[in-house]
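Let's walk through this structure together, one feature at a time. Have the sequence and the 3D view ready as you read.

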Amino acid sequence: GKELKWSLPYKKKFEVANNPVYGRLPQISIGDVLHFVNERCGFINAFTHIQPRYSKSSADFERIIALIIANGTNHGLSNMAKVSNQSLNQLQTASKNFIRLECLRAANDIICNATMGLPIFEHWNISENTIHASVDGQKFETKRDTLMSRYSPKYYLKKGFVANSTIANHIPINAKVIGANEHESHHAFDMVFNNTTDIEPDILSGDMHTINQLNFTLLDLIDVQFAPWFD
């Protein structure tokens, strides 16, 4: 073409094959996984209509699953309507009526509590009765200018936000969206104290962004040991 582009040649890494045990497992869709989870814990019941007293429609399971996948994979409602038997108008209406923060939190709590009841949950404990949790933030660039979008030249070319999450025994017990200009250490205590699941961590870790002197005191007041890692 007319444009001159520069690139550096990188030697491709050797692709290591997965453990042979994974080759014996059948591949299933995300929708089938959500069906299986709902049969075990009924998380779909957490998605209630925004007007419970005067609503004429109830939560359609297939539609809610389509919305969860579309939003969770950043696929979008328009693309989901093209590859499913749900129309764009049906998805948009259901999204306005059933998809909101309190419903997503309640559904996540149901799944977390059900996972806690599985025998394998205790095998992730550090000791017999010690649950270890870690808090960390992921940086995402936003397509639209929102209230939480902020500039951060270190991570974004445009504006973005931080998805702060708390993971205990590989289970996401809490999440919070914060601005890229906010320090993650100001939210470490909030992530543990306002955890609404039945999983109560005994130790909380985090990277350098979670460290301040106040967190040691605040977490100690609720009997949680603050054990940050230094890198």
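A salt bridge is a side-chain nitrogen of Lys or Arg within 4 Å of a carboxyl oxygen of Asp or Glu. K139 and E184 form one, with their closest N and O atoms 3.1 Å apart. Since K139 sits in strand β1 (residues 132-141) and E184 in the loop between β4 and α7 (188-193), the pair ties together parts that are 45 residues apart in sequence. Helices (H or I, at least four residues) and strands (E, at least two) are DSSP runs, numbered from the N terminus.

This is a predicted model, where local features need pLDDT of at least 70 and side-chain atom pairs count only at pLDDT 80 or more, while totals for chains, interfaces and linings use all residues. Residues are numbered from 1 along each chain as its sequence is written, and side-chain values use heavy atoms, leaving out hydrogens and water.

How covered are these partners? Buried means under 20% relative accessible area, exposed over 50%, and partly exposed in between (1.4 Å probe, protein chains only). E184 is buried at 6%, whereas K139 is partly exposed at 28%.

The whole structure has five salt bridges. Among them, E102 pairs with R100 (3.1 Å, N to O), and R100 counts as buried at 18% relative accessibility. Another joins R40 and E39 (3.6 Å, N to O); both of these residues are exposed.

Now look at helix α6, where C103, A107, D109 and C112 are buried. Their cover includes α5 (88-98) and β4 (171-179), counting contact as heavy atoms within 4.5 Å.
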